[in-house]
Amino acid sequence: MNRRILFAVGLGLALLSTTRAAVYTTYHWHQQQPIYWPQTSALSPPAIETAWESIQRRNAGAAHPENDVAEIFSVADRVAAYQGRMRDAVGLMSGPSAGAQVSYAGCLIDNIASLGAHNSLGYSPAWNQGIRQARSWLTPGGVPRLDLVLTPYHHSIAPLIDEEALRMEIRIAKLAHARAWGSTPGLSSGFFPPEMCFSERIIPVLASEGIQWTFVPNNHLSRACANFPLILGTGGENCDPPNKADQLNPAQNTWWSRTISRGCTPTNAAPFSLRPHKAEYVDPATGVASAVTVVPMEMAMSWQDGYQMYGLEDINQVAATSEAAQPLLIVLGHDGDNAWGGGYSYYMESVPQFTSQAVAAGYTPTVVQQYLQTHPVSAADLVHVEDGGWVNADGDFGSPDYINWNWPLTGPDGFDIPGGWAEDERNWAVITAAQNYVQTAAELDGNVDPASVMDPAAYPASAAELAWHHFLPALESGYMYYGAALDMELKPTVACNTAIGHASQVIGSGAGETTPPTIWLPQQLPHNPGATGFGSLWGYTPTFHDRDFWIWTFVHDVSGLDSVTWHYRIDVDGENPLASHQNETFAGGLDVGSWRSRPMNRRAFPTGNVYNDPNINFSVLPAAIADEYWLHVTEPELTTTGGLLIDYFVEARDSRGNVKQSPILHTWIGTGEGQGGGSGDERVSWWPVPAQAGQSFTVQYRLEGGPLPAGTSPVYLHYGFNGWDGVADVALTWAADSAAWRGTLTLPQGAEQVDFVFHDNLGHWDNNSGQDWHVSVEGAAADWVMDGTLDPDALLLAQNSGLQLWGGWNGSRLYLAGTPAQNARDHFLFVSAPPGALRAAPWAKAGQVAGWGCYLANEVSNGWSAWFDAAAGAPAQARGAVLEGSLDPAALFGALPDTVWLALGAWGNADGGTMQAQVPVTLNGNGSLESGEWLAFPLTTPVFGPVAELGIQRQADGSIQLAWTAPTPPAGWMLAGYSVEASPTGYGSWQSLGLTAATSWTDGATPGLQQRGYRVRARYERR
């Protein structure tokens, strides 16, 4: 159980306190299955086909859907979860207000109703009675203990669809709610955004539809804090870091994190991200603000709850941060029909056990609505929520750009916004065109009834209503989540084509239509221009981006487009405080500059399988597809120095003069601190800055302005360390996103400087006008100290018969130590890579030794010691309490071996003396040190991971006491101590306080210290 707590000294908190603060807990279970083939039903036209019919057609040999729908719906746990098991779980909970929220998508209701009507696969006509019953169970405050919160009818990614589509999705979801669950109790006032994908842009629609509160992922509250403690990789964020334009929330004092098996470590502020707040969206045209309550769902705890019997151990870590006025509300949310969290053991064992433990501990199981009635959120408690979804979506990890449903346009050499293609973006182009057709038909019709949109088989429907009915299933998130699998990429086109057919009946020639163009949400690449990117877009490697960036979108209008324009303005002071609306409105104010405009470039977007992906079969092509509009933002006022906050939007005008503006978006353009190059230009850059020993280091090179011939391909990096030691060459790879050559090195643990130049392997060099490039590296491991005392980082590798053998590796030099010569015996420390054929033992001793590379000898009669055969390794040695030595194995063996082999032998001190003891232990006792009797020691850079149960307490004398629990090493690794580190801010610039083998550390009192963040990292080395 890996956790990390950062602590603000000024608070004096003791997070391991056993005092129980007021804490509330609740659940959210999400239930969803899509329309598997979005075509007109043959059994109940003109409605869309649902599960029972899809199964019958597939059984009869139909090609689509390719999904085995019967298998999906017949899973026993799903049959139970979709009907009565959620009721049973709530009935077993402890506490009078204990309950759960459930989001049950409208398309799932349709699917289950179709199966239930035919008594198929275990579903009955009374499939909904269990949930209806549980809804009638009320808390003492009169709130349903099973709250059916609203969610888009077809499980759409709310921030990426048009606002009118979202409005219709919610309106028909309300109707489905009443039809399935009854009108008493009434509609829930809560909302669940599918895939937890939230943006403040959807707030006006939620508020206007009567929704008072919505779940949000708590990591997107935390990432929006000014001092978010960014760590990249499995130990932290596995997606793009937050853009500074989003970090509007105040700095927080205490942070809690937990590594989950999904491959990341969500880090969250406590109590800030564990209790409700208000969030708002300001209409850019009118300046009117709409607000809702945002209820954070705890990402790491939710993952744990969905995959195992779950207790209070995580909640106990943060309970002491709870505040009386607004206590913690821990929401555990996940799919209620998948994996362990959708099964019997979860609902019938884990949930009752958890709520029982919570009540016994003094916590209060509840439901959100009851909590909000008891603890209403002040309108002044305003926060910002960064865009993004939950952290456990494959490859997405909570990306602020929703990349699992929105992968950028790609070409053969990487991202290519002007000319690239991606199957998800093709879907958005098709959807954008269909959206405009549907809205235009609705505007010309003038009287669209949501009931007819929901179920045109039950309520007579016009062509405009049928257009909406068939269009909305195209928005199903799963079609894009699963990408090219099966026929997923065909389904949006099938739905949109049917919708366009109905809409065209209304539109005709388009005479009199006043519907403005449809603009898909403008996209930006990279997310952090002039700063660092990370995650699946960038190969999970910290990637420094230049200050230029790309904007693109899809735009369509049935009457044709006249112009599409990008507008931007520069903020005066680089800040966008929550209390001000100037950055959010077109009118602006004194804090922002005037709008600048640039026409966008148009491209007719391809409809086919551009890269001939064998997994995609576009047997149906779209009836309409939107054009792509793009820009490469290179304005000197933005990219010359960076350090700017800009607002921007896209405006489209159709041929009839109708105008549409996108929402106003914001981005921070970084200063590009990673830029290098002695000539002062930008052809050479590197990141991260500062470079860190033992970590990745990326170098980027542009041919423009340099001495290498134009068209050089590839460019080679010639590099070394610490003044050109260990020189090597590597071919760089082309990075289309930056139009540059790029390569990544892993810096040795002992590197203090990286040295490099460039060449074309044909005799042409770029050596920075003779200066070369030399970049300082921080965090280099200190060299081994040769004083006869065992170095503290050395590991005991083996012992036998009174002999001990230690080893160590700092990334550049090998350390050996052994028991010194004693008891009338001479001692020899051998190193090889690997041991060779047997040869005579050294110093005319008896027996044989497998061929060595070198050895360190210690004579007992006079204490003398020295290396033999090690001149190329720059050896060093000393004798005292131990016999110790160090050397450079790369120099010794001509290249750095993956593994060295070590042995320690003791021979009688006289000539011809026999071997009397050895480490490792002898296999046959024959008096020789054979190749099978050596110990393999891998030369791998140590890796670091979080410790378990880190607790931090301030002592009476002002010192800080840290204590933690030793983690279990990964398979094949051993625990080699801990690195204790501090940061003046708690979120960066970590400095080592020292290394220790113990599980505690005391940081002495520092006068005037107000805040300091701590982390402890377990140090692992290969066994």
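1. The model is predicted.

2. Strand β6 belongs to an open sheet of 4 strands, whose order is β5-β6-β10-β9. The pairing in this sheet is mixed. Its edge strands are β5 and β9 (277–282), each of which pairs on one side only.

3. Strand β5 (residues 190–191) runs parallel to β6, and 2 bridges join them; glycine 190 stands opposite tryptophan 213 of β6. Strands β6 and β10 (residues 289–297) are also parallel and are joined by 5 bridges, with valine 216 having proline 296 as its bridge partner in β10. Strands β9 and β10, by contrast, run antiparallel and share 6 bridges. Here glutamate 280 is placed opposite alanine 291 in β10.

4. How is the β-α-β unit made up of β5, helix α8 and β6 handed: left or right? The unit is right-handed, and its helix α8 covers residues 203–208.

5. A second open sheet also has 4 strands, in the order β27-β29-β33-β32, and its pairing is antiparallel. Strands β27 (684–687) and β32 (733–735) stand at the edges with a single partner strand each, so one side of each has no neighbour in the sheet. On average, neighbouring strands of this sheet are turned by 30° against each other, direction ignored. Between β27 and β29 (residues 696–701), which run antiparallel, there are 4 bridges; tryptophan 687 has threonine 698 in β29 as its bridge partner.

6. Two packed helices are described by the angle between their axes and the distance between the axes. For helix α14 (residues 423–445) and helix α16 (residues 463–471), the axes come within 8 Å and cross at roughly 155°. Because angles over 145 degrees count as roughly antiparallel, α14 is roughly antiparallel to α16. The crossing of these helices is left-handed. Residues of α14 in contact with α16 include Ile431, Ala434 and Val438, while α16 contributes Ala464, Ala467, Trp468 and Phe471.

7. Some backbone features deserve a check by the reader. Most residues other than glycine have a negative phi, and most peptide bonds are trans. A cis peptide bond joins proline 45 and proline 46, with omega about 5°; proline 46 lies in the loop between β2 (23–31) and α1 (51–59). Another cis peptide bond, with omega about 10°, joins alanine 270 and proline 271. Proline 271 is in the loop between β8 (267–269) and β9.

8. Where do leucine 121 and serine 769 lie? Leucine 121 is in the loop between α5 (106–117) and α6 (129–135), and it has a positive phi of about 60° although it is not a glycine. Leucine 121 is partly exposed, its relative accessible area being 31%. Serine 769 is in the loop between β35 (765–766) and β36 (773–778), and its phi is positive at about 55°, although serine 769 is not a glycine. With a relative accessible area of 67%, serine 769 is exposed.

Methods:
Residues are numbered from 1 along each chain as its sequence is written. This is a predicted model: local features need pLDDT of at least 70, side-chain atom pairs count only at pLDDT 80 or more; totals for chains, interfaces and linings use all residues. Side-chain values use heavy atoms; hydrogens and water are left out. Two strands pair if DSSP finds at least two bridges between them. A crossover is right-handed if, with the strands pointing away from the viewer, the path from the first strand over the helix to the second runs clockwise. Axes are lines fitted to C-alpha atoms, for helices over the stretch in contact, and angles run from 0 to 180 degrees between N-to-C directions. Angles under 35 degrees count as roughly parallel, over 145 as roughly antiparallel, 65 to 115 as roughly perpendicular and the rest as oblique. A crossing is left-handed if the near helix is turned anticlockwise from the far one by less than a right angle, and right-handed if clockwise. Contact means heavy atoms within 4.5 Å. Buried means under 20% relative accessible area, exposed over 50%, partly exposed in between (1.4 Å probe, protein chains only).
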